[in-house]
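Let's take a walk through this model, one kind of contact at a time. Have the sequence and the 3D view open as you read.

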Amino acid sequence: QVQLVESGGDLVETGDSLRLSCAASGGTITRSTMAWFRQAPGKEREFVGAVNWNGGKSYYVDSVKGRFTISRDNDKNMVYLQMYALTSKDTANYFCASDGLEFSAVFRTSPSLYKYWGQGTQVTVSS
């Protein structure tokens with residue numbers, strides 16, 4: 001059973017940068033697609049982006065393209081979300097997730113298709 005723990009959330013100002021981390025334990029994520037989702041109060045959980053098993057490919061929702069980058073360090077069982085040029089629209093609880101599959105070539109954007117989840121870390125961007 002994989003456990004995921006996010007960290008790095010903070011209160012920042014518009015235009016700031018922030019890096020979120022996701023640590024995996026209890027199992028390996030090295031062969032799985034890892035994704036970041038976010039959920040703002042009163043809204044549904046939204047796909048942010050994902051990275052494939054070896055970090056060679058990634059996919060992002062249009063609203064964060066060019067501002068967010070997902071990377072991973074399989075030796076450390078870690079996944080990261082680097083965020084630049086933050087705005088108030090990025091305020092949300094951010095979750096990392098693993099699809100639990102091996103060597104998937106498809107990026108899935110629906111939360112229901114991800115097997116393991118962290119508890120989330122809050123990012124608040126003040127204007």
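What follows goes from the strands to the charged pairs and then to the aromatic rings.

Before we start, keep in mind that this is a predicted model, where local features need pLDDT of at least 70, side-chain atom pairs count only at pLDDT 80 or more, and totals for chains, interfaces and linings use all residues. Residues are numbered from 1 along each chain as its sequence is written, and side-chain values use heavy atoms, with hydrogens and water left out.

Let's begin with a sheet. Strands of a sheet pair through backbone hydrogen bonds, either parallel or antiparallel. Here, an open sheet of four strands runs in the order β1-β3-β8-β7, and the pairing is antiparallel. At its edges stand β1 (3-7) and β7, each with a single partner strand, so one side of each has no neighbour in the sheet. On average, neighbouring strands of this sheet are turned by 15 degrees against each other, direction ignored. (Axes are lines fitted to C-alpha atoms, for helices over the stretch in contact, and angles run from 0 to 180 degrees between N-to-C directions.) Strands, like helices, are DSSP runs numbered from the N terminus: at least two residues of E for a strand, at least four of H or I for a helix. Two strands pair if DSSP finds at least two bridges between them. For β1 and strand β3 (residues 18-25), the antiparallel pairing spans five bridges.

Now for the charges. How many salt bridges does the structure hold? There are five, a salt bridge being a side-chain nitrogen of Lys or Arg within 4 Å of a carboxyl oxygen of Asp or Glu. One of them joins the side chains of Arg 38 and Asp 90, at 2.9 Å from N to O. That pair links distant parts of the chain, with Arg 38 in strand β4 (residues 34-39) and Asp 90 in the loop between β8 (78-83) and β9 (92-98), 52 residues apart. Asp 90 also forms a salt bridge with Arg 67, the closest N and O atoms being 2.8 Å apart. Arg 67 lies in the loop between β6 (58-60) and β7 (68-73), so this pair ties together parts that are 23 residues apart in sequence. Salt bridges that share partners join Arg 38, Glu 46, Arg 67 and Asp 90 into one network.

Are these residues buried or exposed? Arg 38 counts as buried because its relative accessibility is 6%, and Asp 90 counts as buried at 1%; the cut-offs are under 20% relative accessible area for buried, over 50% for exposed and partly exposed in between (1.4 Å probe, protein chains only). Arg 67 is buried as well. Asp 62 and Lys 65 also meet in a salt bridge, at 3.0 Å from N to O, but Asp 62 is exposed at 60% and Lys 65 is partly exposed at 47%.

Finally, the rings. Phe 37, Phe 47, Tyr 59, Phe 95, Phe 107, Tyr 114 and Trp 117 form one aromatic cluster. Rings of Phe, Tyr and Trp (its six-membered ring) pair if their centres lie within 6.5 Å, and planes under 30 degrees apart count as stacked, over 60 as edge-to-face and the rest as tilted. The count comes to eight aromatic pairs. Among them, Phe 37 and Tyr 114 sit edge-to-face, 5.2 Å centre to centre with 75 degrees between the planes.
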